[in-house]
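Dear colleague,

I am passing on a structure for you to look through, and below it I have set out what was found. Please keep it open beside this message as you read.

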Amino acid sequence: MYLFLYCEWLDSDLVKRYVPNAKFETKVTLADYKVAFTSFHEDGSDVIKNGGCHLESAPGNLLYGVLYEVSEDDVALIDRLTRVEFGSYTKKYIEVNGENGKTYQTVSHSIKNPTSKSSPSTEYMDHMIKGAHEFGFPEAYIQQLEELR
């Protein structure tokens with residue numbers, strides 16, 4: 001199973017800490033999407049929680065990320081970390097394009113009930129930008145990430 005990561009999980013140190021058996025496959029892109037930060041509410045709740053990373057439709061845009069081969073147990077762990085069962089995030093099944101020329105069917109996570117734009121924490125952005133540099137994403141894309149601060 002392939003896991004598509006695009007937010008703070010771009011930082012491979014986080015992946016190693018939480019999903020130590022994940023095997024890096026390749027850098028990938030997702031057409032017509034961008035990274036957004038939004039507040040949200042969980043299923044059955046009116047309480048607005050401060051922002052999280054979200055896949056947002058953006059025709060003509062190219063989102064960069066990384067792909068790991070993981071087990072179903074690894075995905076279940078990430079489901080728990082992202083509170084899928086409570087409706088914080090939802091699993092998305094997405095086709096991405098690898099820099100190796102292959103197309104991959106993946107699972108990823110995105111906010112389930114977005115409400116309004118929000119700002120990420122400095123720590124969160126530090127992880128994203130560290131990972132973007134680590135994987136050699138284009139400077140123009142890293143600049144877009146910097147502008148999300």
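The largest pocket in this predicted model has a volume of about 460 Å³. Its lining is made up of 22 residues, and those lying nearest the centre of the pocket are Glu8, Trp9, Thr82, Tyr89 and Tyr124. Sorted by class, the lining of the largest pocket consists of 13 nonpolar, 6 polar and 3 charged residues.

The second largest pocket holds about 330 Å³ of space, and 17 residues line it, with Lys34, Val35, Ala36, Phe37 and Leu148 nearest its centre. At least two lining residues come from each of β2 (23-40), β3, β6 (114-117) and α4 (139-146), and it is β2 that gives the most, with 5 residues. By class, this second lining has 8 nonpolar, 6 polar and 3 charged residues.

How many disulfides does a search of the whole structure find? The search finds 1, and this disulfide is formed by Cys7 and Cys53, whose sulfur atoms are 1.3 Å apart in the model. The pair links distant parts of the chain, since Cys7 sits in the loop between β1 and α1 while Cys53 belongs to strand β3, 46 residues apart. The link of Cys7 and Cys53 is left-handed, with -45° about the S-S bond.

Are these two cysteines buried or exposed? A residue counts as buried when its relative accessible area is under 20%, so Cys7, at 5% relative accessibility, counts as buried. Cys53 counts as buried as well, because its relative accessibility is 1%.

With kind regards

Conventions
Residues numbered from 1 in each chain as written. Predicted model: local features only at pLDDT ≥ 70, side-chain atom pairs only at ≥ 80, totals over all residues. Heavy atoms only, no water. 1 Å grid on protein atoms, 1.4 Å probe; cavity = no way out; pocket = protein on both sides within 12 Å on 5 of 7 lines; lining within 4 Å. Points joined across faces, edges and corners; volume = space filled by probe spheres on them. Nonpolar A, V, L, I, M, F, W, Y, C, P; charged D, E, K, R; others polar. Helix = DSSP H or I, 4+ residues; strand = E, 2+ residues; numbered from the N terminus. Disulfide = S-S within 2.5 Å. Buried < 20%, exposed > 50% of the residue type's maximum accessible area, 1.4 Å probe, protein only.
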